[in-house]
Amino acid sequence: MPETLRTGLRRRHMTMLAIGGAVGAGLFVGSGAVIKTAGPAAVLSYAAAGLLVLCVLRALGEMVVARPVAGSLAEYARMALGPWAGFTIGWLYWYLYVILVGAEAVAGAAILGEWIPLPQWTLAAALLVVMTAVNLVSVRSFGEFEFWFASIKVAAILVFLVLGGLYVAGAWPDATGGLGNLTGHGGFLPNGPASVFAAIVAVMFAFGGTEIPTIAAAESREPGRAVARATGNVLYRVALFYVLSILLVVTILPWNDARVLTSPFVSALDRVGVPAAGTLMQAVILTAVLSVLNSAIYVSSRMLYVLTRNGDAPAALVRLNRRGVPVRAILLGTVAAWGAVVASYVSPDAVFKFLMNSIGVILAFVYLAVAFSQLRLRARLEREDPGSLTYRMWGYPYLTWLVVAALLAVLVSMAFMAEQRSQLLASALSLAVAAAVYPLRRRYGRTPPVSEVPVLTHRQDEPFAGNV
């Protein structure tokens, strides 16, 4: 049996992992609520949130290139802030993706239910079984599926950008064209400048998943180069896929059109005159859901594997099969996700709603941990191993501190927003529970907490990428 994860992910897998992580079902459906909040200025909200996440990824990328390890988010917190931080962040991140596995299975079943006359719980079970099997085969199997899922999403957005651009330019049959909808219904900022910031709160969490390439770096043949490209290219992906597509939506349709809230992309394609737009977009949304489901199973298993390796989870879960896959970690995450699936049918308005709220702000906590970790590890690396800093965070340390301030501002602002407050409180409870368990782990755990982790090095014939 192998003792470490295998490097089965290739360059094209890592590229599409980055793109797939940046484009989820939230773009196709959840963007309607953002547009309702900020109006046409939603494009500014997406741009600002994208820049914030880009800076977090840059800070994370610096650490991954210098010290590539499996489960990077938790491991850097452990290295920089101590074993308690690695334990807390690791379990929070695992919990986030386990709940996402269940939520995405439910969402996928709801879409399939419109085409297949079977109970939704049956369809959710089938999706869980299929995507779990994909992850159990090998890391390359996971990468292949994610490659094609992401390719479909990218193709759909590019087609939308072309058709929408032709319509706005007046080059499409029966197109009225023009930019009148950007200012014709209360102006570009119909709800005031504050609405742009309010929308940023919701938008920032739509970018969850962009960090997945850094988790997968340890299973890539070129960890440094792959991460440098993935994080360095986030900016143009955000600009192309999010900002430009949302700009086209609010240009094609009035921002206050009721159809924009329910399904902005379908409504825009209907206005353009694309036949069967609803069915086509539903298929794309299903692909996006399956992509997130596939990635969530992968990420949760790798994080649990890392927790197990450090003695923060039962040792029996650390075993790998002959293909280097942490089978038990995958199965435990899938079984735990069933709790969310059951809750969605037994108590959708109470238990399931609480579970979704309890993960709503976890990414902000994780991003804060990334920023603080980068501040401490950068200083340590400059003293002990400056040659490893071939991929650097911009404007260190000032930009990192600015990111910390922005993230704290987002969290504080949520406390004053009635519609966001429940997410903040429930997610804070998740953080408190994870942190409260650590003293028990420290006292009763068989393996003493460790502050350092084994470093996975790249092959000498494949040097890390330099600054991008």
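1. Let me start with tyrosine 93, which touches Leu73, Glu211, Ile215, Val299, Met303 and Val366, leaving aside residues up to four places away in sequence; contact here means heavy atoms within 4.5 Å. Please keep in mind that this is a predicted model, where local features need pLDDT of at least 70, side-chain atom pairs count only at pLDDT 80 or more, and totals for chains, interfaces and linings use all residues. Residues are numbered from 1 along each chain as its sequence is written, and side-chain values use heavy atoms, with hydrogens and water left out.

2. Buried means under 20% relative accessible area, exposed over 50%, and partly exposed in between (1.4 Å probe, protein chains only).

3. Helix H18 (residues 398-415) has 18 residues and should span 26 Å at 1.5 Å a residue, which agrees with its end C-alpha atoms being 26 Å apart. The expected span is 1.5 Å times one less than the number of residues. Buried in H18 are Thr400, Val403, Val404, Leu407, Val410, Leu411, Ser413 and Met414. The buried residues of H18 pack against helix H3 (42-66), helix H8 (193-204), helix H17 (362-384) and H19. An α-helix has 3.6 residues a turn, so residues three or four places apart point the same way.

4. Two loop residues may interest you. Proline 119 sits in the loop between H5 and helix H6 (120-137), and counts as partly exposed because its relative accessibility is 42%. The C-alpha atoms of proline 119 and alanine 109 are separated by 8.7 Å, and these residues are ten apart along the chain.

5. Threonine 183 lies in the loop between helix H7 (139-168) and H8. Its relative accessibility is 54%, so threonine 183 counts as exposed. From threonine 183 to proline 40 the C-alpha distance is 7.9 Å, although 143 residues separate them in sequence.

Technical notes: Helix = DSSP H or I, 4+ residues; strand = E, 2+ residues; numbered from the N terminus.
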